[in-house]
Amino acid sequence: MMKLSRQFTVFGSAIFCVVVFSLYLMLDHLQLDHTKSPNGGDRLQNGQLSILQDKIDRLERLLAENNEIIANIRDSVINLKESVKDGRGGPDSGNMSQGPYPDLLVSPPLVLPIDSQDCQFAARQFSKPADGVQLLDVYDLLTFDNPDGGVWKQGFDITYQENEWDSEPLQVYLVPHSHNDPGWLKTFDDYYRDQTQHILNNMVVKLNEDSRRKMIWSEISYFAKWWDNIDNQKRDAVKSLVERGQLEITTGGWVMPDEANSHYFALIDQLLEGHQWLEKNLGVKPQTGWAVDPFGHSPTQAYLLKQAGLANMLIQRVHYSIKKHFASQKTLEFFWRQNWDPASSTDMLCHMMPFYSYDVPHTCGPDPKVCCQFDFKRLPGGRVSCPWRIPPQPITDVNVQQRVQMLLDQYRKKSKLFRTKVLMVPLGDDFRYTEALEWDQQFQNYQKLFDYMNSHPELHVKAQFGTISDYFGALRKSAMDPGHASLSLPVVSGDFFTYADRDDHYWSGYFTSRPFYKRLDRILESHLRLFHSILNLKQVMVNSAHWLILKDKNAYSHNPSKAFLQMDDVQPAQDALPRKTVLKISLQPRSVVIYNPTEQDRMSVVTVYVNTPHVRVDTSHSHPIPAQVSAVWDDATTASTEAFQLSFVVQVPALGLGVYHLSKAEEGGAETAQYLFLRQGGELSLSVKHFTVNNPQDDTTPVSIHNPHLQVWSSATTGLMERLKLKEDGSEHRIKVEFAWYGTTSSRDKSGAYLFLPDGEAKMYSPAQSPVIRVTKGSVFSEITTTFDHVTHTLRLYNVQGVDGQAVEICNSVDIRGEFNREIAMRLTSDLDSKDRFFTDLNGFQIQPRRTMAKLPLQANFYPMTSMAYLQDSGTRMTLLSAQSLGSASLKSGQLEVIMDRRLNQDDNRGLGQGVLDNKVTSNSFRLLLEKRAKTDNEGEKPSPLSYPSMLSHVSSLYLNHPLIPMAVSTEAGSLSLTRFSPLASSLPCDIHMVNLRTIQSKEEGGGPSDEAALILHRKGFDCALSNRNTGLLCATTQGKIRTEKLFSNLRLGSIAAVSLTLMHQTEGGSSQEEISLKPMEISTFRVQLT
């Protein structure tokens, strides 16, 4: 005990000496500055005095910070001494963050320990391959004009010489397909009942009639439902079709996902769901991606397909000017490479369809009037016809020669857009091949055409039905360099947003449409991540978490009708915002279990609702912790007398559960918040009990709140932020928050669910009456809330050291249900000199630099923001982190804006047949980060296609999208003894994210979970040029290495094997790896057996 006290004394003295020595050096530096001055004029003296004053101010700040650090150390020492007295061990007894004294808030390092080699990845210069195409350069190059291209409206006239195929005949693969949306105009079940089941039933019969017939299928959600409803005889017939190569499963995902708004967690999860189903039921491993209907394409999807073991992919919906450019350069077939890949490890062979649509009129060749005549579903007498008013003709011996010449002319013209003599022609559309008649019409007529072509060698064509992988196989053979093992195709890097299908019709509206469900998606993904079940997710959580925290498992008998834990919030309906449960607090302590869904030990603020303002919070070892009681507001100025917000700082182990006790306390409990109300020129009627309300000193002075890291000044008129100060270096920035309205154009084509067609620049939001501004000041958080007619806007600062304290939290509750053809945006205007450049993320996985272009219409400069967007200049970066996908733009230098909701009264003629009139009251959550950055060498005039978030930005985004989940122990559960649960042996490295730990379904009949799980890890790329001070993180970086035996604390790994992303393929590395090693940006899956 004496030895321990001596250690504490030495440690404290050392810290004190360091502080004093630092101050001495700084004063000495000031003296040196003064003596260096060669002349002593008044002007110079005044200048030096102001410099001296600045430095003294900085010294005072440093002293205050040092006092705070010493106070923390003193408290830690006192707590440690108490723990030792209580016989709970000392500092040597384990990892401090989760050792035998787990409630101690460990002081994080001042500067994040980052291995210098981990900084080299983001510091690399971008090097474009010699045959490379960078899409940022293509955007610079193109004029985006739209001249009439003749029969191919958006293209150009294509000509050819008759003898071009004499030495090598044209190979044509006609690929029958049917795109089945899992819910669009009808529900999933209605589509299945009315169309999909008939398509699949007819497929089995019709493909079996002729072995030359082929078909591809993508959406496994439908296929799985159909499979469950067919008998074994039909299942065997399907397996035979797959084995014979007549039926190909393409992509193999549960759905054909959107690639703009989807988070990479969801993209992986649906792919894994489909691939696991295929492996178990069909034994199929998809080879080729087929994506004809996403509205723009992301390189993230290309990377995920590559990691899953697919070899090829096809895309369709790309801006018509890009298609035309690629067609003219013959780069429609290319290797898609990730921006951040310096070699070729991420290269994915990709085919871009050249024309307007994936329907038959726009796929056989450049002239839709001709191609429509070869869609035999449109034969006279059917329900669909050709808009060009020339119908198809049944193929007969009389007309076959003339029809072949017409069709072959289209095939030849289309083939001129590609580098090889191999041509792919899709044959299908949405929900095609429903009736047996259509199968006969298409297959019989095309077979007659093919038989004629193939029996006339002078035509130099070989035509057949094929799957998409048949086509890619022939392409690879044809494009092979003579004497080389590589394909002679270009390399393309970048993304294909924002999509326009014609004119100025940019599909940037759907980046925001229905934001309520975009937010709900993200919440469900967070819950789904580790409690992976299609049952009621919250039910799974409350029925399993209690088992992990009970000290004595035998002391509790489970009663399914009475849950041990109850969720903190309840969603009254699928289209309503969740409501927090009010916990009844008494003198008997009530336990609250906190779940941390992130893979690092975490210190964050948790808020629950309680029924009394007189409450205290204790750790599981009965140590009181700071807490704040704030009001729950019935409206802008009326505080509830039945519910109160209780906010407190918790520390919870990585992926673990913490336990805290709430009890009634007449004195010595949580501090109550204080309030200030402002309203310009209007009387306020307040109803506030239990809280102090202060009167404003001056209703024109900006309102200010601050925490250890930041200070915010807001307008006393609007309550909206105007300035932000970083306390770390004392720098102040103008960052102005505003709201704005977009209308829709007066022309015939108007904004709708998909398209954004504004009536010009946004008009600033000006409320009809002055808003009520409510300022909350407290020990745990402070906030400014402004209540406008359409938005309730809150700026919050957490008074904590670390991640939560580094950002301004912004919440907007938006209600535009009474509006007509309007869209509401939040705009941030800063003093950053960002020029025309900004950055948005793709799928929460990677950053794509953007350039705002005057040559494009306003709506074309909006891009999808899945989880973040940022601006930067040589010294500062401003990042807006988002808890939901929305459309984002930077229309002027220093400006960043997001569309928060859209209400549109008409259809935009893209098939939906309705406007956007089902708006809900929607909550949007953001965090605003301001970071100092060092200018890097690769910031010349030409923008680099590479950029990465900071480590702080990554972790802040993780915290925003995966908040701590509080669960209260039922009052009927009695006083059972609970303890925290720590599944991981320690925090994972700061730059490694556990995307999922998902139980693998058993392959046995009857299914159910197996004893294996898929562990999916992502090593994030991060930029070291941004400050890593005061992050509050309790982790380090390790060059991407994790020791497997140190991964889990209570579970032993029976085996761990590296596999492809969706477990379809084994990869090199053996079945029992001692160390996991990930490259920057890499996502890898490991099959783990837990014992």
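User: What should I know about the model before we start?
Analyst: It is predicted: local features need pLDDT of at least 70, side-chain atom pairs count only at pLDDT 80 or more, and totals for chains, interfaces and linings use all residues. Residues are numbered from 1 along each chain as its sequence is written, and side-chain values use heavy atoms, with hydrogens and water left out.

User: OK, the sheet. What is the strand order?
Analyst: β1-β11-β7-β8-β6-β5, six strands in an open sheet with mixed pairing. Strands (E, at least two residues) and helices (H or I, at least four) are DSSP runs, numbered from the N terminus. Two strands pair if DSSP finds at least two bridges between them.

User: Which strands are at the edges?
Analyst: β1 (132–134) and β5 (288–291), each pairing on one side only.

User: And in which sense do β6 and β8 pair?
Analyst: Parallel, over four bridges. Leu 314 has His 351 in β8 as its bridge partner.

User: Which strands does α9 lie across?
Analyst: Helix α9 (residues 299–307) lies across β5, β6, β7 and β8, at about 130 degrees to β8. Angles run from 0 to 180 degrees between N-to-C directions, with axes fitted to C-alpha atoms, for helices over the stretch in contact.

User: Switching topic: at what angle do α6 and α7 pack?
Analyst: About 140 degrees, with axes 10 Å apart. That makes α6 oblique to α7, since angles under 35 degrees count as roughly parallel, over 145 as roughly antiparallel, 65 to 115 as roughly perpendicular and the rest as oblique.

User: Which α6 residues make the contact?
Analyst: Phe 223, Trp 226, Trp 227 and Asp 228. Contact means heavy atoms within 4.5 Å.
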